[in-house]
Amino acid sequence: MDAPERRRRMVERQIAARGLSDPAVLAAMLAVPREAFVPSALAAEAYEDTALPTDEGQTISQPYIVALMTAALAIRPGDKVLEVGTGSGYGAAVLAHIAAEVDTIEIREPLARAAEARLRELGVTNVRVRVADGAAGWPEHAPYDAVSVTAGSANVPPALLEQLAVGGRLVMPVGAPPFDLELVRLTRRPDGTFRRDLLGGVQFVPLVGGGR
């Protein structure tokens, strides 16, 4: 079975079958070649229903979790999105398929440069990669319509909330990494307060930097 067919089955059986129906999210998951973001030795496992190890002791999230977080962000075509934790670049590629602009921050320079190269090779032109502490956000490009944090922490970094536009959504695993985490969505109200929605238990590596 070739990669496009395995990707189609992944979307159908691992994502749509679990109740995620946003057409934009399904199309993005169908369009992005996950095998390009995993080590070559694991390419055959790229469409399995699991997270996989990558470089620098990090992981590429389970496809369903990537889709769940993307759907929770409720991204619209004109939105500007911030991602904290570039990792392999897979999440940024999925976000970039829907959003107008994606800024992604990675604290580990080797990961950031490798992700940047992968995105460039795939022709993804609406993603900017920065090497920095993601907990500080990217204030020069704020405000953001959506913020995706792909690592867990006990607290949401205040800078990320400050950089969220009115009506903007932040999705992040909150709790004690790696196992005792709840996926949380915060939506900024016009008065500056935040609506909090709990989206279920997840597992993520710890956020490195000021969010710890």
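These are my notes on the predicted model above.

1. Ground rules. Residue numbers start from 1 along each chain as its sequence is written. Because the model is predicted, local features need pLDDT of at least 70 and side-chain atom pairs count only at pLDDT 80 or more, while totals for chains, interfaces and linings use all residues; side-chain values use heavy atoms, with hydrogens and water left out.

2. The largest pocket. Its volume is about 690 Å³. For the terms: on a 1 Å grid over the protein atoms alone, a pocket is an open set of points with protein on both sides within 12 Å along at least five of seven lines, a cavity is a set where a 1.4 Å probe fits but cannot get out, and lining residues have an atom within 4 Å of a point. Grid points are joined across faces, edges and corners, and a volume is the space filled by probe spheres set on the points.

3. Who lines the pocket. The lining runs to 39 residues, with Thr-59, Ser-61, Thr-150, Phe-204 and Val-205 nearest the centre. By type these are 21 nonpolar, 15 polar and three charged (Ala, Val, Leu, Ile, Met, Phe, Trp, Tyr, Cys and Pro are nonpolar; Asp, Glu, Lys and Arg are charged; the others, Gly among them, are polar). Elements that each supply at least two lining residues include strand 2 (59–60), helix 4 (90–98) and strand 9 (194–202), but helix 3 gives the most, with four. Helices (H or I, at least four residues) and strands (E, at least two) are DSSP runs, numbered from the N terminus.

4. Helix 3. This one is mostly covered, with 10 of its 11 residues buried; buried means under 20% relative accessible area, exposed over 50%, and partly exposed in between (1.4 Å probe, protein chains only). Among the buried ones are Tyr-64, Met-69 and Leu-73. Have a look at Ala-74, just after the helix, where phi is positive at about 50 degrees.

5. The cavity. The structure holds one cavity of 30 Å³ or more, and the space in the largest cavity is about 30 Å³. Ala-74 turns up again in its lining, along with Asp-22, Ala-24, Val-25, Thr-70, Ala-71, Ile-75 and Ile-98. Helix 2 (23–31) and helix 3 each supply at least two of the lining residues. The lining divides into six nonpolar residues, one polar and one charged.

6. Eight of the nine residues in helix 4 are buried, Tyr-90 and Ile-98 among them. Arg-34 lies over the face of Tyr-90, 5.7 Å from the ring centre. Val-127, in strand 5 (residues 127–131), is in contact with Ala-92, Ala-96, Val-102, Thr-104 and Leu-119, leaving aside neighbours within four places in sequence; contact means heavy atoms within 4.5 Å. Val-127 counts as buried because its relative accessibility is 15%.

7. Gln-163 and Tyr-144. Gln-163 sits in the loop between helix 6 (158–162) and strand 7 (164–176). With a relative accessible area of 7%, Gln-163 is buried. Residues touching Gln-163 include Leu-82, Trp-138 and Tyr-144, not counting those up to four places away in sequence. The ring of Tyr-144 has the charged end of Lys-80 over it, 5.6 Å from the ring centre. The criterion for a charge over a ring is NZ of Lys or CZ of Arg within 6 Å of the ring centre and within 35 degrees of the ring normal.
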